[in-house]
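Here is a short report on one protein model. Look at the structure first, then read on.

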Amino acid sequence: MATKVVMPKLGATMEQGTIVNWLVKVGEKVEYGEPLVEVLTDKVNIEVEAEMDGVLLKTCFEAEEVVQVHDVIAYIGEEGEVIEDTEDETLQQASASSNSGAQETTKEIIPEKLTGTESQAKIRRTPAARKLAKENNLSLEIVQGTGPKGRIQKADVEEHLRYSIQKTKATPLAKKIAHSNHLDLGQIQGSGVNGKVVRDDVLKHSKAEMDASVHAVKKTSFTGMRKVIADRMVQSAYTAPHVTLTSEIDMTNCVNMRKELLPIIEKQNGYRLSFNEVIVKAVAHTLQNHLSLNVSLQNDEIIHYSTINIGFAVAVPNGLVVPVVKNANQKGLAAITEECKTLGSLAREGKLLPDHMKDGTFTISNLGMYAVDAFTPIINQPEAAILGVGRIQEKPVGVNGEIKLRSMMTLSLSFDHRIVDGAPAAEFLTDLKNVLENPYKLII
């Protein structure tokens with residue numbers, strides 16, 4: 001008997017996933033543990049593995065479609081096994097139930113209850129039909145399907161478009177102008193007798209579309225990682241009162257230390273030591289003496305962590321992710337360099353696993369590679385604080401009564417004032433400044 005493959009829940013916050021690409025074609029054999037489908041969660045792309053041997057009998061969703069967690073996305077079974085259409089209907093009803101948030105009894109869910117994009121997403125249609133409808137800005141909800149089980153095919157969309165044009169009352173000149181400009185007469189409001197579309201109606205509609213096209217060059221869906229990031233930033237900014245402290249750090253000794261250690265570490269593990277890894281190590285080292293910042297607020301409880309896990313923000317297409325270096329205070333610079341470089345590469349390749357990003361207790365956001373001197377970072381909730389790192393640049397600084405060029409950098413510490421007060425935050429930043437200005441303490 002065929003086994004259902006469901007959209008897995010790959011993280012605590014994951015409610016839906018996007019099918020990126022099927023890695024096995026329908027009809028092909030698949031083995032247990034073999035990558036079956038690539039799924040985009042709220043943070044990363046993950047290859048979902050098959051959980052049984054067999055033949056991929058059917059896929060229920062196409063690339064770019066968004067699927068609720070635990071919805072059936074495919075069937076695996078014996079070669080030649082047929083998936084009955086009733087399975088599809090059950091699937092659609094189950095999806096509708098999940099989307100609408102109603103009771104799980106499928107009999108109580110009928111397609112007519114769905115509206116808007118939810119209903120559009122559950123309409124049975126071929127990819128060609130969907131593409132043609134999208135090109136003509138046509139809702140498939142008003143198209144009658146003639147395929148199996150009412151599936152809408154490309155011919156149905158073409159017929160609907162032809163009929164829409166034919167039934168629209170329009171003057172010959174209006175039809176000619178609309179045809180020349182590839183306009184759908186069915187979408188033009190007529191101002192003539194009995195609603196007949198006249199020349200001016202077509203010209204007015206055409207001008208409106210041109211004006212809209214000038215301003216809307218491109219539209220993309222506000223979904224997936226982009227929306228998750230937006231929701232979390234809003235939640236953090238509006239629920240946690242942020243206070244940001246800044247301090248200018250003399251990084252001259254750090255610059256010199258990095259020059260000395262870079263070839264040693266590179267010879268040891270092949271990775272080049274960067275300032276980001278020095279700062280990760282310095283923050284973890286300093287947090288050991290300031291555990292009041294190594295906390296989080298969850299469900300009216302302050303969680304005090306015994307481990308120091310440093311997350312660092314990595315920019316990726318469509319957003320950013322925060323891989324975590326666990327127990328960073330217990331690791332040397334060589335190990336931190338190797339781990340940061342490995343996690344950073346996985347992040348940029350979209351191959352981070354959920355385990356790589358969980359259990360962070362403090363986050364660093366480093367924009368030092370850009371022309372940014374300082375900024376106000378937003379806390380990565382539920383953590384209590386985040387450190388923003390600006391660029392290093394030489395500045396004239398007074399040193400023992402003399403003006404000297406020093407490598408200066410600004411740090412910005414944002415902390416949640418509900419659970420961290422200003423004084424302990426300032427003490428942490430002061431000690432961190434001392435560590436970075438005397439970095440050889442890190443290798444003692």
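## Strands and Pro 35

Helices and strands here are DSSP runs, numbered from the N terminus; a strand has at least two residues. Pro 35 belongs to one such run, strand β4 (residues 35-40). The model is a predicted one.

Setting aside neighbours within four places in sequence, Pro 35 is in contact with Leu 23, Val 24, Glu 47, Val 48 and Glu 49. Take Val 24. Eleven residues separate Val 24 and Pro 35 in sequence, and their C-alpha atoms are 7.9 Å apart.

## An open sheet

Four strands form an open sheet in the order β1-β8-β6-β3, and the pairing is antiparallel. Its edge strands, β1 (3-6) and β3 (29-30), each pair on one side only.

Strand β8 (residues 72-77) pairs with β1 over four bridges, in the antiparallel sense. Val 5 stands opposite Ala 74 in β8.

## Helix α7

Helix α7 (residues 224-239) has 16 residues. From first C-alpha to last it reaches 22 Å, close to the 22 Å expected at 1.5 Å a residue.

Which residues of α7 are buried? They are Met 225, Val 228, Ile 229 and Ser 236. These residues cover an arc of only 100° around the axis, so they lie on the same side of α7. An α-helix has 3.6 residues a turn, so residues three or four places apart point the same way. The cover over the buried residues of α7 includes β9 (242-250), β13 (314-316) and β14 (319-321).

## Helix α9 and the cores

Helix α9 (residues 275-287) has 13 residues, which at 1.5 Å a residue should span 18 Å. Its end C-alpha atoms are 18 Å apart, so the two values agree. The helix is mostly covered, with eleven of its 13 residues buried. Among them are Val 278, Ile 279, Val 280 and Val 283.

The largest nonpolar core has 53 residues. Those with the most contacts inside this core are Val 283, Ile 310, Phe 362, Leu 387 and Leu 436. Helix α9 gives the most to this core: seven residues. Another core lies apart from it, with 26 residues, including Ala 2, Val 5, Val 30 and Val 55. In soluble globular proteins, nonpolar side chains tend to be buried together.

What does Val 283 contact, beyond its neighbours within four places in sequence? Its contacts are Ile 310, Phe 362, Ile 364, Leu 387, Phe 428 and Leu 432.

Definitions and conventions: Residues numbered from 1 in each chain as written. Predicted model: local features only at pLDDT ≥ 70, side-chain atom pairs only at ≥ 80, totals over all residues. Heavy atoms only, no water. Expected span 1.5 Å × (residues − 1). Buried < 20%, exposed > 50% of the residue type's maximum accessible area, 1.4 Å probe, protein only. Contact = heavy atoms within 4.5 Å. Core = buried A, V, L, I, M, F, W, Y, C linked by side-chain atoms within 4.5 Å. Arc of directions from axis to C-beta. Pairing = 2+ DSSP bridges.
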